[in-house]
Amino acid sequence: MSKPVWTPWVTSSLSDAVSGATAALAAAGVPSPAVDAQLLAAHLLGVGRGELAAMLFGTAVAPAGYAELVARRAAREPLQHITGIAYFRHLELAVGKGVFVPRPETESVVQLAIDVLARLRQERGGETELLAVDLGTGSGAIAGAMATEAAGTRVYAVELSDDAYPWAAKNLANTGATLVRGDMRDALGELDGTVDVVVSNPPYIPADAIPRDVEVRLYDPHMALYGGGADGMDMPKAALASAARLLRPGGFFVMEHAEVQAEQMAELFEQSGQWRNVRTHLDLTGRDRATSGYRR
């Protein structure tokens, strides 16, 4: 990939710098060049996008180091790696090398789990603590959301990767969630048959598939992407088996997957004979994003 010509601005106005950055990012094929140019400037200035928008109409100058950050983004380094922050629902997560950057589509998957937890809490009168598990937590996004949004829920998060675990530990430190280093295939055996909700966004990309997004292909850890086996279904199958092991009768499981895997996922649920009310769920863009079921 050819790199765009980039001329650092030493005395440029902030408005001109952001305009130039937007053009450079667009030339590099960055999907949202204007937004990323603004977010990088806001990051260096320590302001939000709203305040930055006002500054663009004033006499502010480009912040020191802006050209260097834009050059990194033009080379397709993920925006979140450059700023060190990923936003997920109401959480501000620390991310970087070695951890999967949480995606907006996962927010709707978590909402399904939170809705079930809220209903269960109402049915039980709020007196009994609920149990929820996030299998393969990565950055801790799913577990952190459940721990901070589902009142009265004890949340456990499981992560195997030595690279991702420290990020999850940092992000879950003040949420009340319990982080466990282990393999989703056999972790938390002491909770078997007692959990109310299990959520998983396991690796699911087939072995010979090449991610379309440059950022994913170059920067997301392979351990978080490739699901194992020619069809990428080894880890989804493991998540399904562990959910069946962990959940009490009537417990809820929801698993994220690729749009093209929806039919295959539903068949996995149905063929196991362990699930009822199996459903496919759409994300906000209308794509088949997750499959859920209730433990028989």
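**Close-up 1. R103 and F100: a charge over a ring.** The charged end of R103 lies over the F100 ring, 4.4 Å from the ring centre. The term applies if NZ of Lys or CZ of Arg is within 6 Å of the ring centre and within 35 degrees of the ring normal. This is a predicted model: local features need pLDDT of at least 70, side-chain atom pairs count only at pLDDT 80 or more, and totals for chains, interfaces and linings use all residues. Residues are numbered from 1 along each chain as its sequence is written, and side-chain values use heavy atoms, with hydrogens and water left out.

**Close-up 2. R181 and Y165: a charge over a ring.** Here the charged end of R181 sits over the ring of Y165. The distance to the ring centre is 3.9 Å.

Close-up 3. S292 belongs to strand β9, residues 288-295. Strands (E, at least two residues) and helices (H or I, at least four) are DSSP runs, numbered from the N terminus. S292 is buried, at 2% relative accessible area. Buried means under 20%, exposed over 50%, and partly exposed in between (1.4 Å probe, protein chains only). Leaving out residues up to four places away in sequence, S292 touches residues including F252, F253, F269 and H281. Contact means heavy atoms within 4.5 Å.

**Close-up 4. Aromatic pairs.** There are 4 aromatic pairs. F252 and Y294 form a tilted one, 5.0 Å centre to centre with 55° between the planes. Rings of Phe, Tyr and Trp (its six-membered ring) pair if their centres lie within 6.5 Å; planes under 30 degrees apart are stacked, over 60 edge-to-face, and the rest tilted. F252 in strand β7 (residues 247-256) and Y294 in strand β9 are 42 residues apart. F252 is buried at 3%, and Y294 is buried at 18%. The F253 and F269 rings are stacked because their planes meet at 15°, with centres 5.8 Å apart. F253, F269 and W275 make up one aromatic cluster.

**Close-up 5. Two loop residues with positive phi.** R89, not a glycine, has a positive phi of about 55°. R89 sits in the loop between β1 (85-88) and β2 (91-94). L188 has a positive phi of about 60°.
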